[in-house]
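This briefing goes through one protein model by topic. Have the sequence and the 3D view open while reading.

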Amino acid sequence: MQFLERLNQAIRANDSMLCIGLDPDLERFPAHLPRDPSSILAFNRAIIEATADLVCAYKPNLAFYLVHGEAGLRALVETRRLIPPQIPVILDAKAGDIASTSAAYAQAFFDRWGFDAVTVHPYLGEDGLAPFLRAPGRGVFVLVKTSNPGAGELQDVPVRADGSEEPLYLHVARRVARWNERYGSCGLVVGATYPAELAAVRRQHPDLPILVPGVGAQAGDLEAAVPSGLAGAAAPIVVNATRSVIYASQGPDFAAAARAAALALRDAINRARPTR
Ligand SMILES: O=C(O)c1cc(=O)[nH]c(=O)n1[C@@H]1O[C@H](COP(=O)(O)O)[C@@H](O)[C@H]1O
């Protein structure tokens, strides 16, 4: 089954376009857990068990596991196994290299570790992403307009293509749509911190799923982002929140607090949806 189909099934099953990021940061862990990589799995398990009926996806970020070396990688792999099979897991790796190297990444992320989708950057072009794009049944979310304050430094630079001028991020989105015609596995990444740009991307590309990070800790405007991402859309948005959910409390009640934060966010996303 195609990734988008599985994502849509999870959205329908939990009535949710919320994705929870799993970015373990020992400094922010509940006070009763040892500040040690051996706590990561117990922490993630508690968060997953408390929220699995409220999300359409989880998104672990590779960096937060790599920082702990072998113990971190073990925790990542075991975390992936903990997640119920009907919920897609997006590995946030922001990968992208020459084809032979991307092939090794794709094999690791998809075949060895069993992730359902990955985030990538587009800078090397189609041949660099092809090993991800052609992996059967997997999803590939390409960075288009990122959520960070300096996103525009490169992404807003005007480019001339086909006789007209547009910012680079719209050009990238157009290119991803073309790749999607060939491979059928693409999604876009647009930060909730840029709702006008999200609306512009969505107007051009009603059929592509869009991963929307940046609500919560990065203060993206949920009420603006959700309608921007869904107006006229035939494909979903996946709204990611990480720190605002998983670190909602540092007390022994952390999992219940994460559930409460996830529930509030899921419902806020649903209220902001233009059509149900
Ligand atoms: O690819 C991503 O997920 C991503 C793209 C982007 O433009 N901005 C962004 O914040 N992210 C990731 O989404 C997560 C956001 O975390 P919070 O800011 O804690 O919700 C982090 O893992 C980021 O690396």
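For sorting residues by class, Ala, Val, Leu, Ile, Met, Phe, Trp, Tyr, Cys and Pro count as nonpolar, Asp, Glu, Lys and Arg as charged, and the others, Gly among them, as polar. By these classes, the shell around the ligand has four nonpolar, 11 polar and four charged residues. The model is predicted: local features need pLDDT of at least 70, side-chain atom pairs count only at pLDDT 80 or more, and totals for chains, interfaces and linings use all residues. Residue numbers start from 1 along each chain as its sequence is written.

**Around the ligand**

- Thr146, Ser147, Pro213, Thr242 and Arg243 come nearest among the 19 residues around the ligand; a residue is near a molecule or strand if its C-beta atom, placed from the backbone, lies within 6 Å of it.
- The elements that give two or more residues to this shell are E3 and strand E10 (237-241).
- Element names follow DSSP runs, numbered from the N terminus: helices are H or I runs of at least four residues, and strands are E runs of at least two.

**The sheet**

- Eight strands form an open sheet with parallel pairing, in the order E2-E1-E10-E9-E8-E5-E4-E3.
- Strand E2 (57-60) and strand E3 (90-95) are the edge strands, and each pairs on one side only.
- Two strands pair if DSSP finds at least two bridges between them.
- On average, neighbouring strands of this sheet are turned by 30° against each other, direction ignored.
- Axes are lines fitted to C-alpha atoms, for helices over the stretch in contact, and angles run from 0 to 180 degrees between N-to-C directions.

**Strand E8 and its partners**

- Strand E8 (residues 186-190) pairs with strand E9 (residues 210-212) in the parallel sense over two bridges, and Leu188 stands opposite Ile210 in E9.
- Helix H8 (residues 168-183) packs on the sheet, where it touches strand E5 (139-145) and E8, and its direction makes about 160° with that of E8.
- Contact between two residues means that their C-beta atoms, placed from the backbone, lie within 7 Å.
- E5 and E8 run parallel and are joined by five bridges; Cys186 in E8 is the bridge partner of Val140.
- E8 is mostly covered, with five of its five residues buried.
- A residue is buried if 20 or more other C-beta atoms lie within 10 Å of its own, exposed if 12 or fewer, and partly exposed in between, with C-beta atoms placed from the backbone.
- In a regular strand the side chains alternate between the two faces of the sheet.
- In E8, Cys186, Leu188 and Val190 point one way, while Gly187 and Val189 point the other way, and all are buried.

**Ile210**

- Ile210 is found in strand E9 and is buried because 26 other C-beta atoms lie within 10 Å.
- Not counting residues up to four places away in sequence, Ile210 touches Gly187, Leu188, Val190, Val201, Arg202, Gly229 and Ile237.
- Ile210 and Cys186 are 24 residues apart along the chain, and their C-alpha atoms are separated by 9.3 Å.

**Helices H9 and H10**

- The axes of helix H9 (residues 195-204) and helix H10 (residues 222-230) come within 7 Å and cross at roughly 10°.
- H9 and H10 are therefore roughly parallel to each other; angles under 35 degrees count as roughly parallel, over 145 as roughly antiparallel, 65 to 115 as roughly perpendicular and the rest as oblique.
- Pro195, Leu198, Ala199 and Arg202 of H9 make the contact with Ala224, Ala225, Ser228 and Gly229 of H10.
- By class, this contact of H9 with H10 has five nonpolar, two polar and one charged residues.

**Positive phi angles**

- Most residues other than glycine have a negative phi, and most peptide bonds are trans.
- Asp15 is not a glycine, yet has a positive phi of about 45°.
- Asp15 lies in the loop between helix H1 (3-14) and strand E1 (18-22), and counts as partly exposed because it has 15 C-beta neighbours inside 10 Å.
- Lys94 is also not a glycine and has a positive phi of about 45°.
- Lys94 has its place in strand E3, and its 17 C-beta neighbours inside 10 Å make Lys94 partly exposed.

**Ile11**

- Ile11 is found in helix H1 and is buried, with 20 other C-beta atoms within 10 Å.
- Leaving aside neighbours within four places in sequence, Ile11 is in contact with Ser16, Met17, Cys56 and Pro236.
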